[in-house]
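Morning, everyone. Please have a look at the model on the screen, and then I'll walk you through a few residues.

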Amino acid sequence: MTNSRALVTGASTGLGEQFSHLFAADGIDIAITSSPRSAVRLEKLAETLRTRYGVGVQTISIDLATPGAAAQLYDAVTVEAPIDYLVNNAAFGIVGIPLQQYAQGDLSRMVQVNVTALAELTEACVRDMVARGSGRILNVSSISGYVVPHGVECGYAASKAFVVSFSECLAQDLRGTGVTCTHLAPGPTRTEFFDTAGLTDTRRLEPMMMDAAPVARAGYEAMMAGKPACIPGVANKLMRAMMRFAPSRRFTALASGMAVRR
């Protein structure tokens, strides 16, 4: 891993922060990003990583909800050095309400961050990685991407279903190239996600909740091992399996929506 470099999006908190520590602990220089509103927290994390692990850290504050932002981010990062590890972690959700109650423009912003920016950044980096014959990609999906239809989580679950399919297909395309793609499909995780998604009462999700550190560790190790997918936690694995035997679409939507309805 000497002289290697990683890019982690959405790094200021939660899983992104944990991924950043994992790379830095392995001596990998890192570029970390966040939206401009989290710039102060991102700089504090960068200083911690530099001090604790002695690695090089580049910080970029950029709003990935803006069309063209992924290309700008790629240019800003690769001007310093190539990317050997890409973690597409940046995302946000709207949960607990039906699509018709979204604020105007929120769905477009969510798709831009969760789908378009992820795909564009992956496409840009994977070309370089394949040309070099090495590289690792980790896309953070979600167990909700397997739940179809997901109650009152329409836009977010659909965006994560894209990440699941995109990552699984890319993993096959990359066979024999020296580059791998992994997707991490966590269930409910103790991060700031639900606060920003508008769900303040998460008690119904508590039986499935996992801490961010073991979730990130599972995804990191799966990526390093070149595995195509990682579903951390027994409850999440069980949910994935149960989707094959759901008695009806209506049942699936009602059961999944109960836990996140506001």
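Is Q172 buried, partly exposed or exposed? Keep in mind that this is a predicted model. Q172 is partly exposed, because its relative accessible area is 49% and the exposed class begins over 50%. Its place is in helix α5. Now take G198. Q172 and G198 are 26 residues apart in sequence. In space, C-alpha to C-alpha, they are 36 Å apart.

Next, H183. This one sits in strand β6, residues 179-184. H183 has 0% relative accessibility, so it counts as buried. What does its side chain pair with? There is a polar contact of 2.9 Å between the side chains of H183 and S141. Leaving out residues up to four places away in sequence, H183 also touches others, including Y146, V164, E168, P228 and C230.

On to the nonpolar packing. In soluble globular proteins, nonpolar side chains tend to be buried together. Here, the largest nonpolar core has 41 residues. L64, L86 and L121 have the most contacts inside it. Which elements give two or more residues to this core? They are α3 (69-78), α4 (106-132), α5 (154-173), β6 and α6 (193-197). Helix α4 gives the most, with 7 residues.

Look at L121 in detail. Again setting aside residues up to four places away in sequence, L121 touches L7, T9, A70, L73, Y74, L86 and N88.

Terms used. Residues numbered from 1 in each chain as written. Predicted model: local features only at pLDDT ≥ 70, side-chain atom pairs only at ≥ 80, totals over all residues. Heavy atoms only, no water. Helix = DSSP H or I, 4+ residues; strand = E, 2+ residues; numbered from the N terminus. Buried < 20%, exposed > 50% of the residue type's maximum accessible area, 1.4 Å probe, protein only. Polar contact = N/O pair within 3.5 Å; in protein donor to acceptor, adjacent residues only side chain to side chain. Contact = heavy atoms within 4.5 Å. Core = buried A, V, L, I, M, F, W, Y, C linked by side-chain atoms within 4.5 Å.
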